[in-house]
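Work through the exercises below with the sequence and the model open. Each task is followed by a stepwise solution.

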Amino acid sequence: MRRRASLVLLAFAVFFAALSPLIRWYAFPRLAKIPPSQYQTMVLEAKNATLLDYATMRSKKVPKVSIVQTLKGNVEASEKIERNTDRDVVVWDTLSYVADHKGKLVSAIPERYIFDAHTQEPVHARGEAVDGDPVRREGIEFKWPFLTEKRDYQYYDFQARTSAPIHYKGTRTVHGLETYYFEQTIPWTKVKVPKRLPLGATPETVEQVGLERWYTTKRMFWVEPVTGAPVDGQEIHKEQMRWKDQPGRKPLTAFAGHVKMRPDFQEATVDLVSSQRRLVLALTAYLPWGFLVLGGLLLALSLTLEARSRGRGTAGEGAADGDDGPAGDGTGPGGGTGTEGTPATGPPGGGRHRQPV
C-alpha cells in the first residue's frame, strides 16, 4: 500500500515540477496582456504656468493649466487589425486636452496608438495617427512592457513625431511601491501646430501670421516594473511661437510649466497598479516557485514512503526465514531429522536460522 502511495506522490511531484516552468515561460507570455476595452482618464496640472493669449498675442502667467488625457480602447478596430495580422492587438484612441485655469481650450491633440497586447511593441496598421496625420511609431508610448528591465528604451514623442531613448536612472519609491525612474529630454525641435487652438485659430492662420511652433521638454516617469505601468509622470514643458523670417525677434512663449500628475489620480493609479501587480506576480513568481517547492516536498515524501516500504519488506522476509525454530520438528534429542544412527544435518540446536535484519 505504501509503495502504491509513493508512486502516486512521485507522479504528482513530476507534474508540479514540470508545471512550474510552463507557467512562467509558456503561460505567462500568452496570458499577460492589455485588455482591448480599457478606458482611463488622467489629469495633470502645471501651476503658475505661462500661456499665450491668442487674442492679444502676448504671453501671460496663469494660476494653473490642466491637461486631461483620455484613453479609450477601440475593440472594433483592434479585432479588424487582428484578422489581418494574426496577433493580439490593442487600439487606443487618446486625447490630450489642454485647458487654462478657466477651463477654456488651449489645445487638443487626438491620437490612435496601435500596439501588441503582450509586448507593447507598436503594430503598424492603417489608422495609426497623431492629430489626424498618419505616423509610424517606433518604440513604446504610454506603457512599458511587463517585467520592465533596468535599461534604456525607445520612447515615442507625439509632439515631435519621432522616437528617442528614454534613460533608466535608478529606483525610486512612490507610495510604498518600488519603481524604475526614467528620464528623456527632447531638445528644441520644430513641431506641427495643433489643429485645435483657441479662438478658432488653425495651423494655416498661425503660418499666415509668420509664426512656427517649437518645443522642448524634460520627461520623467516612475514605472512599476512588474506591470510596466507608470505610477507617476511629470514634464518640464516649454513651447514657443517663433517668427519665421525674423530670427532676431523675441519668440512668444506659447506654454511653459512643470506638469505633474494630480495627487488624487496618482493615488488611484497606485491602487490600480498594486492590484494588477499581484496578478502578474502570481504567474511569474508565486505559482512557478510554489509549484516547484510543492514538487520537491512531494518527491521527498514519496522517497520516504518508498524507503519505509522497502524496510518493512526486508523485515518481513527475515521473520519468515526464522520460523524453522531452534529445535526443528524431529523427534531426536537434538532436534535432528535423521533416522536412527544418522546425525542431524544441521548444527546442534538449530537449523537455517539467522538474525533478522
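**Exercises on ring contacts**

Phe 142 is partly exposed, with a relative accessible area of 23% (buried is under 20%, exposed over 50%, partly exposed in between; 1.4 Å probe, protein chains only). The model is predicted: local features need pLDDT of at least 70, side-chain atom pairs count only at pLDDT 80 or more, and totals for chains, interfaces and linings use all residues. Residues are numbered from 1 along each chain as its sequence is written, and side-chain values use heavy atoms, with hydrogens and water left out.

**Exercise 1.** Classify the pair of Tyr 113 and Phe 142 and locate both rings.

Step 1. The centres of Tyr 113 and Phe 142 are 5.6 Å apart with 45° between the planes, which makes the pair tilted. Rings of Phe, Tyr and Trp (its six-membered ring) pair if their centres lie within 6.5 Å; planes under 30 degrees apart are stacked, over 60 edge-to-face, the rest tilted.

Step 2. Tyr 113 lies in strand E4 (residues 105-116) and Phe 142 in the loop between E6 and E7, 29 residues apart. Strands (E, at least two residues) are DSSP runs, numbered from the N terminus.

Step 3. Tyr 113 is buried, at a relative accessible area of 1%.

**Exercise 2.** Find which charged ends sit over the rings of Trp 214 and Trp 243.

Step 1. The criterion is NZ of Lys or CZ of Arg within 6 Å of the ring centre and within 35 degrees of the ring normal.

Step 2. Over Trp 214 sits the charged end of Arg 242, 4.5 Å from the ring centre.

Step 3. Over Trp 243 sits that of Arg 249, at 3.7 Å from the centre.

Definitions and conventions. Helices (H or I, at least four residues) and strands (E, at least two) are DSSP runs, numbered from the N terminus.
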